[in-house]
Amino acid sequence: DYDSRAEYLVALGSQVHVGASFTAHAVPELRRAGFEVEIDPSYPFRVVEPEPPWDAWLEPSEKTAWFRVGLGIEIDGRPYDLVPALLELLESSAEGTTWAELARCPARFRAIPLGDGRFVVLPWERLRRVLEVLAELHPSGSGELRLPQNFLFDLLALDEAFKVEGGELRFPGADELRERARRLATGPGFSPRPAALRAELRPYQHEGLMWLEHLRDAGVGGVLADDMGLGKTLQTIALLAREKEARRMDQPTLIVTPTSLIGNWLRELEKFAPHLRVRDYTGHKRSRIYDELPRADVVITSYPILLRDLQRLECIDYHYVILDEAQAIKNPRSQAGGAVRRLNSRHRLALSGTPVENNLEELWSLFDFVVPGLLGSAERFRRGFRDPIEQRGDTERLEQLRLRVAPFILRRLKESVARDLPAKTELIRSVDLTGAQRDLYESIRLAADADVRRAVSARGIAGSAVAILDALMKLRQVCCDPRLVRVEAARLVTESAKYDAFFELLEPQLAAGRRVLVFSQFTGMLQLLRAGLNERGVDSLLLTGQSQDRQKLVDAFEAGEAPVFFISLKAGGTGLNLVSADTVIHYDPWWNAAAQMQATDRAYRIGQKKPVFVYNLITSSSVEERMLGLQRRKRLLADTLLGQGAGAPLGLSEDDLDDLFAPLDRDDALGTSSLPPPVR
């Protein structure tokens, strides 16, 4: 009369439980009370006591990264493998019912059949915990229990489950693995800062380095998921410096990053670890250095280049494969996700300030790269975690998932490390021009360079300030957004790398509850950004030289009426107190360093109680990046070029002009089309 085999087994299990429990508990009590008890040979609930301890054993697979797990007891000198009986329990769950749900019912499954008509009865709490662990190790339909070789915490979980109510578990032949798991569970130990690292690590960054080393020692991968701006790049470079120092880096480390961050990685490596041999594997000339890659310490490439050159890059054995902005593989069916999984490396690391943005499948995709097998197959993860958590709000499964990934993910928010942070943190976010926008820049550069050369030839550098400033402004406008450029060719360009990068930067800030000031010299750019924010349904305020009531706008922002305040540098560089803001974004660099610092100080001033993060968006290899280099070399530019002293001598040399108007020196990862003629 039962509707399903599962219902029958549940009912039968209840009967077995009653009969076997009576035999296991009531019969000894009766005998202790003085009764003589006889058991008929045909009595169906014969119970035996196992001889402690229980044994667990592991059989490594030669073809896959798994151990087959055995679990058994010994009775009267005879071993019994309990895996088949436990799998029978695991596979008897009704469709749509998880084992955690079945195991929560204390009236079921206490009696385990031995296969010869006898039963062993376990204390319920021990059996419940054992089932919860084993359910995670049992791929549906496999007929066996499997343990990923790079995930050993389940051994400790089994061990702890058997300790409930006095149980004991042995691991014949696997003691070294259990000890390895215990070391992994104890957490990182102390290690000093790498001697060759040219940076002082903040306390939380040093802890991050030790955590990364801890994972390396355990032979597992991980996800460094610190909040944006906390120094994931620096912590990673510190790890690579440690590997070099310990002479473990006998194979190259491959860092895969978005194209826009290539320049940032190269600068940071040069700044903090110049002793590392770094190769930039991008651009159309990259094939010339391919043979050098195995001898490099660090190889930097982009996701598009990885897809294009996968057959070549997967032929190299790497020490680490590190994914920056690893949310790029959050779709497990994406080409990028498939490509990175094909790379051969000893260790894997993912860097992402947003490991989960939309759904838990993104988390599965990350962990399928860094710790393969940890969360099972995509389908098993969907049934076991994603559907119960996302569709049914199962908090118990959410907690089990958290515990499962916790050893392999390090997440610190700005608020949690506030005492370790300086009052103000300056960060540079590089952006690469691509496609039609890149072509437009090169066309305008060619025309501007020719115009400037003619002016300098006729009037000298000192007399050519207007021509130079006009040419530089056009190039800066192209970097910001082609829509700012008043030439016919610009109207045909619909892409803007910095515009896209701005929203990639801003959106996680807003999601984290940040309050943001955005500065630009170009009021037209602020209006474009504000329109983009309106399309995304986010309120904002705008202050320019045309604004009538500055204080009213300031009061509205301080009162929390909008999370974003767009401010032109000229209108808002001084005289504003905006201490409710904790994030400043400079969309385009201001050549007068003092003026830009004054703008930043609208948030970083007396009354500010939170650390302030300042982001500078810089277009790689363009006039923006070159001007920053000049600014560092010639402080005179800070007061003259595009500032109050714009009419004064620029202090530029012929070499400076060559640098300012030089072509973009690295092809983007997607290649370039043939350049159109110069745009005038």
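**Reading the model**

A: Helix α19 (residues 523–535) lies across β17 (516–520), β18 and β19 (564–568), and runs at about 165° to β19. Helices (H or I, at least four residues) and strands (E, at least two) are DSSP runs, numbered from the N terminus. Axes are lines fitted to C-alpha atoms, for helices over the stretch in contact, and angles run from 0 to 180 degrees between N-to-C directions; contact means heavy atoms within 4.5 Å. The model is predicted, so local features need pLDDT of at least 70 and side-chain atom pairs count only at pLDDT 80 or more, whereas totals for chains, interfaces and linings use all residues. Residues are numbered from 1 along each chain as its sequence is written, and side-chain values use heavy atoms, with hydrogens and water left out.

Q: In what order do the six strands of the open sheet lie?

A: Strands of a sheet pair through backbone hydrogen bonds, either parallel or antiparallel. Two strands count as paired if DSSP finds at least two bridges between them. Here the order is β16-β21-β20-β17-β19-β18, with parallel pairing. β16 (424–431) and β18 (540–543) are the edge strands, each pairing on one side only. From one strand to the next, the twist averages 20°. Eight bridges join β16 to β21 (residues 612–619) in the parallel sense, and Thr425 stands opposite Phe613 in β21.

Q: Which residues of β10 point one way, and which the other?

A: In a regular strand the side chains alternate between the two faces of the sheet. In β10, Thr253, Ile255 and Thr257 point one way, while Leu254 and Val256 point the other way, and all are buried. Buried means under 20% relative accessible area, exposed over 50%, and partly exposed in between (1.4 Å probe, protein chains only). β10 pairs in the parallel sense with β12 (residues 298–302) over five bridges, where Thr257 has Ser302 as its bridge partner. β10 also runs parallel to β13 (residues 317–323), joined by three bridges; Val256 has Leu323 as its bridge partner there.

Q: Where is Leu261 placed, and what does Leu261 touch?

A: Leu261 sits in the loop between β10 (253–257) and α9 (262–272). Its relative accessible area is 5%, so Leu261 is buried. Not counting residues up to four places away in sequence, Leu261 touches Asp324, Glu325, Arg429 and Ser430. The C-alpha atoms of Leu261 and Asp324 are separated by 8.8 Å, although the two are 63 residues apart along the chain.

Q: How far apart are the end C-alpha atoms of α14, and where does its kink lie?

A: The expected span of a helix is 1.5 Å times one less than its number of residues. Helix α14 (residues 378–391) has 14 residues, yet its end C-alpha atoms are only 17 Å apart, short of the 20 Å that a straight helix would reach. The bend at a residue is the angle between axes fitted to the seven residues ending there and the seven starting there. In α14 a kink of about 35° lies at Phe385, shortly before the proline Pro388.

Q: Why is the ring pair of Phe381 and Phe385 tilted?

A: Rings of Phe, Tyr and Trp (its six-membered ring) pair if their centres lie within 6.5 Å; planes under 30 degrees apart count as stacked, over 60 as edge-to-face and the rest as tilted. By this rule the count is seven aromatic pairs. The rings of Phe381 and Phe385 have their centres 5.6 Å apart and their planes at 35°, so the pair is tilted.
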